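Please read them with the structure open.

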Amino acid sequence: MTDGRFRPLAGFAAYVFLLLSGILFAGGAHAQQPQPNVLQMRTEDDREVTWNLTADSVTTQNDSKIIEAEGRVALRRGNDYLKADYIRYYSATNWVYLKGNVEVHLGKDDISAEEGEFDLRSRTGWLKKGRIFMGEPHAYFAGERIDKNWGDIYTFTDAKITVCDGDTPAWSLTAEEAVVEIDGYARLWRSNFQVKDNDVAYAPYFVMPAKRTRQSGFLMPEYGISSRDGFFYNQPYYWVVNETSDVTLNEYFMAERGFMHGVEYRARPTSDQTTWLRFDWLYDNKVVDSDGDDPIDSNDGLLRTNHERYWLRGMFETRLGDPRWRLKGDLDFVSDQNYLREFKRGLGGFSDSRDNLFELFGRDINERDRYRTSQVMLTRDWDRVSVALGGRYDQDPELGNGNRRYSEDSLPQRLPEADVYLHRGALFEGLPLEVQASAQSVYFHRRNGTQGARHDVHPQVVLPVNGKYGSVISSVGLRQTVYDTERRESLPGDGGDSSGEARTLPDYNVAASTEFARVYHLESAPLTLSAEQTGQSRWTGIRHALQPRVEYNNLPLVDQDDNPRYDDDDRIGARNELVYSLTNVFTRKREVVRMKTNDEGEAEPDLATDYLEFLRLKLQSGYDIREANRDDDLDTYERRPMLDYMAEVEYLPVAWLSWRSRTAWSPYTGDSTQHDHSLGLIDPDLGTLRLGYNWRAKLDEYRRTREKDISSLYLRGEAAVWGPWSVGGEYRVDIDDGRDLERIFDIIYNHQCFKVIGRTTFDRDEERYELLVVLPGLSD
């Protein structure tokens, strides 16, 4: 498992031994000019490898028991090399001595020293004035003397550690003595944290991770000032439980609120078994005794009298023996209606948790202002059949804490639920007919309102016809629902007395589509195959595809008002409409010069071909037959059977530009009813920019109503300003209400070995000022 919190401070010590391990020198004679020698050696696992040695002179003493190489000594194997002014090897003891401008490159790491000695048999030795550079994670380790002890333990005298380039690093750690264990910890005694080689903080003893893989330790804190919370400081601690699981603990101090405690658990023993759980709790010094004092929403009529506040959330997925049996669950429970709206940023905030869950499981949680959903589901898949068994609990956060009593809860809980799916396939062998079906049985438990079970079966017969000029797919279905009601208690909005016991809903659908295409060849000068032309490209053709589609849906009007109402599936509306669309798809063919590796391992230019769908334009409208035949409320609402004209554009001509747009027009008013537009710009040197605009028109029609216009604008991005300085942020505004929803502004200083971010945030209920310092190797 990898994560941004891992402490990848280098496990450099293993490479010191590789400096000279197992090198055996064949005897040589004096030479006036550097001359090559092919040397054979055996590695620790008894493999024989070949090294090439060059030096001004190679001599042997005592019947080749001592081998000396002097003057521009270089030992090479592939991209790895060892260099020194002088090397002496003792074959009887496997002891090797290097002196003068010692340089080593192994893998991604570089080592330099004045001199050094190693016992290749015991893997012990020392370096004088040694410096080791690790390519990953770009770190330097230096010492007046470095001793390689038995095993993987190194001792440094007058140590210095940094990730910064240059002779005077921006920051570093020094210690009179340091002990480093590979895949363990670095322990520093009498240590100083330095800025530009000046001591700014002292620690008699300091421990830090010393390997590339994850390691326990403190993470970089979050701190700042909030108009609502006062000064805040959030300190996380990362604990590696074992190779497949870890825990993050944090203490979040808020001067105006108190201490919030948090614990997060993650586990991933295999690629298909994952768990993520987090619990935060707080004794809040503040309460909301009257609605007018609510900093979140002073007009919702809700209070918050509780001091004890918390949020428990998580997800898991696992297999039960046979990988076709899967168990997964979601957990989401909160103390009150304001918690997720107040604590939405930073470690443990709503946005952070939501992003973590979506990244790990691909599933989302409900928005902050909605009820919370917890559920568990056991599934089993066969070739054409899937079965799911589970249950779901929905929590209403607006209950309790000075608001409606918990006994007034009317949310239906799906306990238990069973679903069966028959995936589309042939009805009988040799017949063109196909069949698909779904069935569901669920019991709805609730404290108030109608309670009982709903059993639903929906089979469909499908006739696909595919030909040279297109395809037509027709389906006929019949939905049969039976209600087994234990308690009838109608609530406002149910629309009936819940006395219904069954419903039958037939449905019919037919969709026809085809495609016409033509390829346009583009003439341009051919590309030159050379390393200097790498990245050059040209378009050689454009394919234009025209995709017309017509779809008809029919679902008759069936009176369902007296049926129980547990969710939207209990009120399925009638449909009798025709929808037609025309989609234009433009795909370009491109030739590009790229470097590839040939069979000899050498890079050479090559002409590659790729394709990109760079433009998609879709036009859509339709006709509502039910609306054309409507007789209700004609005095108030005239018939408007034509659906809006919809235009959708997706334009991606180059890697740095993207544009997506959707616009709808009413054929009756001639005005727009919807706008959704977004523009994205990306430049590796200049920065990124994303601009979006969303708008919905006020509507007063028989089929749809909207009380007022709704429009919002958002802008987010980051731009390089000058040298290491850049700015970034996000801006969201409700245009119709004339109020800013959120303003975030960042000032960023990027250095090779650290980053400083100053962040200012304004939203409807808080002003927040934060400073974040990122030190690679310490705060990654």
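1. Salt bridges. The count of salt bridges comes to 74. The model is a predicted one, and the pairs below should be read with that in mind. Three of these pairs are taken up in the points that follow.

2. Lys160 and Asp197. The side chains of these two residues form a salt bridge, with N and O 2.7 Å apart. The pair links distant parts of the chain, 37 residues apart. Lys160 belongs to strand 9 (residues 153-162), while Asp197 sits in the loop between strand 11 (184-195) and strand 12 (198-210). Lys160 is partly exposed, because its relative accessibility is 24% and the buried class ends under 20%. Asp197 is likewise partly exposed, at 30%.

3. Arg278 and Asp280. Here too the side chains meet in a salt bridge, at 2.9 Å from N to O. Are these residues buried or exposed? Arg278 has a relative accessibility of 1%, so it counts as buried. Asp280 is buried as well, with a relative accessible area of 1%.

4. Arg309 and Glu342. The closest N and O atoms of this salt bridge are 2.9 Å apart. Arg309 lies in strand 19 (residues 308-320) and Glu342 in helix 2 (residues 339-342); the pair links distant parts of the chain, 33 residues apart. Both Arg309 and Glu342 are buried.

5. Negative patch. Which residues make up the negative surface patch? They are Asp497, Asp559, Asp561 and Asp562. Asp559 is placed in the loop between strand 29 (537-555) and strand 30 (575-597). Its relative accessibility is 64%, so Asp559 counts as exposed, the cut-off being over 50%.

6. Leu715. This residue is part of strand 38 (residues 710-722). With a relative accessible area of 34%, Leu715 is partly exposed. Beyond neighbours within four places in sequence, Leu715 is in contact with Leu689, Arg690, Leu691, Gly729, Glu730 and Tyr731. One of these, Arg690, is 25 residues from Leu715 in sequence, yet their C-alpha atoms are 5.8 Å apart.

7. The protein as a whole. There are 4 helices and 42 strands. Of the 780 residues, 42% are buried. Taking contacts between residues at least 6 apart in sequence, 49% join residues at least 24 apart.

Definitions and conventions: Residues numbered from 1 in each chain as written. Predicted model: local features only at pLDDT ≥ 70, side-chain atom pairs only at ≥ 80, totals over all residues. Heavy atoms only, no water. Helix = DSSP H or I, 4+ residues; strand = E, 2+ residues; numbered from the N terminus. Buried < 20%, exposed > 50% of the residue type's maximum accessible area, 1.4 Å probe, protein only. Contact = heavy atoms within 4.5 Å. Patch = residues over 30% accessible without salt bridge, like charges linked within 9 Å, V, L, I, M, F, W, Y side chains within 5 Å. Areas by Shrake-Rupley, 256 points an atom, 1.4 Å probe, with all protein chains shown as cover. Salt bridge = Lys/Arg side-chain N within 4 Å of Asp/Glu carboxyl O. Lys, Arg positive; Asp, Glu negative; His and termini not counted. Charge placed at Lys NZ, Arg CZ, Asp CG, Glu CD.
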